[in-house]
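Colleague: I am new to this model and would like a close look at one part of it. Please take me through the place where the two chains meet, with enough background to follow along.

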Amino acid sequence: MTSRRRLSKTVGQVLFWILIAVIFVYLIFPFYWALISALKTQSELIRTPATYFPENPTLQNFRAVFQNTAFLRGLGNSLIVAGSVTVLSLVVGAFAGFALGKLRFRGRTPSLYVILAMTMFPQIAVLAGLYAVIRTLGMPALPSLVLSYMIFTLPFTVWVLTAFFKGLPTTLLQAAQVDGASTMQTFVQILLPLTAPALVTTGLLAFIQAWNEYLFALTFTSIAPTARTVPVAIALFSGQISREQPFGEIMAAAIVVTIPLIALVLFFQNRIVEGLTAGAVKG
Amino acid sequence: MTKESRALQPAKSRGPSKLARGEERTALWLLLPSFLIIAVVALYPFGRVVLSSFTDERFAAGTDLRGEFVGVVNYQRLLSMTLRQVPAVVDVDTGERVLRDGQPTFENPRLFLRRLGTSLPLDAVATFRIGGNLWVLGATSASFIRSVWDTLVFTVSSVAIETVLGMIIALTLAAKFLGRGVMRAAMLVPWAIITVVSARIWEWMLQPTRAGFFNTLLNDLGVTDGSYAFFQTAALQVPAMVAIDVWKTTPFMALLLLAGLSTIPGELYEAAEVDGASPIRRFFSITLPLLMPTLAVALIFRTLDALRVFDLFQVVYGEARYSMASYAYYQLIAARNVGMSSAASVIIFVIIFAFALFYIRALGVDRDE
């Protein structure tokens, strides 16, 4: 009896670990495949059947990628765009989050609903209109990308920061007001420092979303190739030598843009999980 | 002083104090930048899209041609459909159906639709057999209708698979075991990879020769001859997109569900175990109902996201196969047809909106408390 129970427990344990292993391989394998492909020589890449491990690991694909000006410019553009989007949505979002989370005024609830509705707004629905606005204003591609990315980073930032401000004790605000501080002084000097964790979380998510964005980037840079961001550069990647799709170099480029992001995400993983699940889970 | 504003005041005070009025003014100033930005990047462009969807506006070289108002022509063009029975081929002399291998033969559905001589030429979206007859669904914009259908199939299948896989992963990772941190970190890897990049990685893994991973693997397993053209096989084009999307977004689903699981008190399970409830019973009686609010939000996020799919289709197929969004994109950028692109965008918006309403009704989601 006891031995049978022990046996079924062992079997359960084995199955559990097999399941863990399968999940792990499923999640990681495509990344692994990209990495080993990037390390393969040109001849090994096109050899059939494919090898599961590079025979003569080489950095030649990485070297080629770092000599590819279109790709390097894309990295620079993406950093500028994603960085500006993050700063702008945090500044504007913190203002709105404070007002919606801590201040009493008429129209608070409708404002919240507008913001919430905006988080679901499909980008494609404004594409042609936004393109026309940008062309009419004659806006350069990079600033227009920064502005247009607000459509998805701002509502989310406002939403999360509002929830965070709401959670801060109101007594802080009242005490400061009793001491004669203006609302703005209280906001900047007392509440804002307390929101630092939420700012880091939402900032990271805004940065990643902006770094990822493809539809607007592809559309608004169609006549300005020098403003292309990383996703566009990788989608349109053409090799230095061959006319065929240079998958070795593409995989190297994929690794180059992914490693920093994975490092960032792993370093801040608790914050990111918190931010992703904010609003979805009532804790 | 209006009724509403009095309601907002604390019960004790009789009128709005100077402080309260100041607070209100500050709040409006603080909200102004957000609403200005939303107006510029969302409301005004969307209004323009709606307006130009009723015009024949086009981009010409460098300048905008303000289109003429054409009414609902763009919508007609995108949505006109007809279901027809394809005539069987009849022998001229005998007047009987021509059989090939014992099966009746039919006219070419495409030519049949052309021959109908409608004002706008019809193209075949799909053909299907009912009984012994062949039917054809014709449309004036067959590629748009197909893109809507493909996007719906993509959305339903990827969200369904993601939910089931995400649930399995979340339930597995909810157990306490050595290496749980590593697993949680691994979950963030697909999520952190740019969608365009993951499309290109899978494109490479699904190469039609054994230089690709899947053909090598399937050949080693003896399933195929190692030259299976995944992206060129029409029936596999949408499933291939689903596979990439599932890999990329299941972790998101699992993370949400995992967070939801952690809010379920452990005593419930202990009590159920004492009562002798089986693990399956426990899942359906405790886990699933308590996870419902989280699951509802996750489903909404993922469904609305999947309906807008653009990156995967555009990178892998270009104009060979469209999602709704990539159709609207190509109408704008390649065909420079602002009117048609706008009409397609409005239709997409309506479809997404309908899904959102459906979810809110069906699941009773209310995120504001």
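Modeller: What follows goes from the contact between the chains to one helix pair within it, and then to each chain in turn. Please keep in mind that this is a predicted model.

The contact between the chains takes 82 residues from chain A and 88 residues from chain B. On the chain B side, the element that gives the most is helix α2, residues 18–52, with 22 residues. By class, the side of chain B that touches chain A holds 57 nonpolar residues, 19 polar ones and twelve charged ones.

Now to the chains themselves, beginning with chain B. Chain B contains 14 helices and seven strands. Its radius of gyration is 28 Å, whereas the globule rule gives 21 Å for 369 residues; the value for chain B is well over that, so chain B is more spread out than a compact globule. The C-alpha trace of chain B spans about 95 × 65 × 40 Å along its principal axes. Of its 369 residues, 40% count as buried. Among contacts in chain B with a separation of 6 or more, 57% are between residues 24 or more positions apart.

Chain A is divided into two parts, domain 1 (2–46) and domain 2 (67–277). The C-alpha centres of these two domains of chain A lie 35 Å apart. Where they touch, seven residues of domain 1 of chain A are in contact with six residues of domain 2 of chain A. On the domain 1 side, the elements that give two or more residues are α1 (2–39) and α2 (42–46) of chain A. Of the elements on that side, α1(A) gives the most, with four residues. The side of domain 1 of chain A that touches domain 2 of chain A has four nonpolar, two polar and one charged residues.

Methods
Residues are numbered from 1 along each chain as its sequence is written. Chains are lettered from A and ligands numbered from 1 in the order in which they are written. This is a predicted model: local features need pLDDT of at least 70, side-chain atom pairs count only at pLDDT 80 or more; totals for chains, interfaces and linings use all residues. Two residues are in contact if their C-beta atoms, placed from the backbone, lie within 7 Å. Ala, Val, Leu, Ile, Met, Phe, Trp, Tyr, Cys and Pro count as nonpolar, Asp, Glu, Lys and Arg as charged, and the others, Gly among them, as polar. Domain bounds come from an automatic or database domain assignment. The radius of gyration is taken over C-alpha atoms; the globule rule is 2.2 Å times the number of residues to the power 0.38. A residue is buried if 20 or more other C-beta atoms lie within 10 Å of its own, exposed if 12 or fewer, and partly exposed in between; C-beta atoms are placed from the backbone.
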